[in-house]
Amino acid sequence: MSSILKVNELKDSGGNAIITSDGSGNVTQSKAGIIEADMFRLTADLTANANPISSNIERVDDASFSKIGTGVTVSSGTFSFAKTGIYLVMFNSLASGTGDNDNVFLDLKGTTNNSTYDVLATGAGGIFEANNVISTMFCQAYFDVTDITTHKIQFELSSVDSGNRIRGDTAKNETTFTFIRLGDT
């Protein structure tokens with residue numbers, strides 16, 4: 001004999017929610033592991049400063065990729081969250097060029113009021129006295145999303161001199177924007 005138990009929420013003995021459902025079969029909260037993870041990439045090279053990076057962005061669409069949960073959305077370079085929580089946000093980039101002793105900077109910026117953006121992390125890479133030198137840049141930050149209508153992320157590229165570029169490709173990850181929800185806020 002089989003039985004079905006239908007609940008909207010499971011709690012531990014202390015009254016803390018372990019699993020919460022929206023009533024249509026979707027888990028909206030779980031202490032069992034990561035419930036939100038998403039990745040976007042740059043699809044074409046950037047050869048000039050961009051604040052924010054707002055074009056040639058796509059969700060990774062390789063056959064082996066799958067986001068976890070609802071994921072984030074992007075509009076005009078502003079990334080928005082579907083769920084509150086503490087997120088690990090990462091910005092990874094591949095740079096190359098023909099510049100001489102040039103540095104390229106990445107900024108990961110966040111807002112908690114949907115208006116004023118603060119730099120949360122900076123990454124830098126150099127193009128030094130050689131043709132087509134390739135460097136990688138990386139920065140990351142925890143971002144506590146307490147309100148999905150006001151807490152947003154943008155990425156900035158600066159100090160791009162003539163002959164240098166941040167690389168993008170629609171078929172593989174060269175410059176990526178990653179969002180992983182680690183837990184409740």
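**Figure 1. Salt-bridge network of R41, E58, D61 and D62.** Residues R41, E58, D61 and D62 are joined in a network of salt bridges, a salt bridge being a side-chain nitrogen of Lys or Arg within 4 Å of a carboxyl oxygen of Asp or Glu. The model is predicted: local features need pLDDT of at least 70 and side-chain atom pairs count only at pLDDT 80 or more, whereas totals for chains, interfaces and linings use all residues. Residues are numbered from 1 along each chain as its sequence is written, and side-chain values use heavy atoms, with hydrogens and water left out. Helices (H or I, at least four residues) and strands (E, at least two) are DSSP runs, numbered from the N terminus. R41 is buried at 0% relative accessibility, and E58 is buried at 17%. Buried denotes under 20% relative accessible area, exposed over 50%, and partly exposed in between (1.4 Å probe, protein chains only).

**Figure 2. Salt bridge between K83 and E36.** The side chains of K83 and E36 meet at 3.0 Å, N to O. K83 lies in the loop between β7 (78–80) and β8 (85–97), and E36 in the loop between β3 (27–30) and β4, so the pair ties together parts that are 47 residues apart in sequence. E36 is buried, with 2% relative accessibility; K83 is also buried, at 17%. The count of salt bridges in the model comes to 10.

**Figure 3. Salt bridge between E156 and K109.** In this pair, the closest N and O atoms of E156 and K109 are 3.5 Å apart. Relative accessibility is 16% for E156, which counts as buried, and K109 is buried with a relative accessible area of 7%.

**Figure 4. Surroundings of A50.** A50 is located in the loop between β4 (37–42) and β5 (57–59). Its relative accessible area of 14% places A50 among buried residues. Leaving aside residues up to four places away in sequence, A50 touches F155, E156 and L157, where contact means heavy atoms within 4.5 Å. A50 and S159 are 109 residues apart in sequence, yet their C-alpha atoms are 9.7 Å apart in space.

**Figure 5. The largest nonpolar core and F179.** This core has 28 residues, and those with the most contacts inside it are I53, I153, F155 and F179. A nonpolar core is a set of buried Ala, Val, Leu, Ile, Met, Phe, Trp, Tyr and Cys residues joined through side-chain atoms within 4.5 Å. Strands β4, β8, β9, β11 (133–145), β12 and β14 each supply at least two residues of the core. The largest share, five residues, comes from β11. Beyond four places in sequence, the contacts of F179 include F40, V72, F79, F81, L88, V89, I153 and F155, and also E36 and D38.

**Figure 6. Surroundings of R167.** R167 occupies the loop between β13 (164–166) and β14 (176–183). R167 is buried, with a relative accessible area of 18%. Not counting residues up to four places away in sequence, R167 touches L42, D45, L94, S96, I134, E174 and T175.
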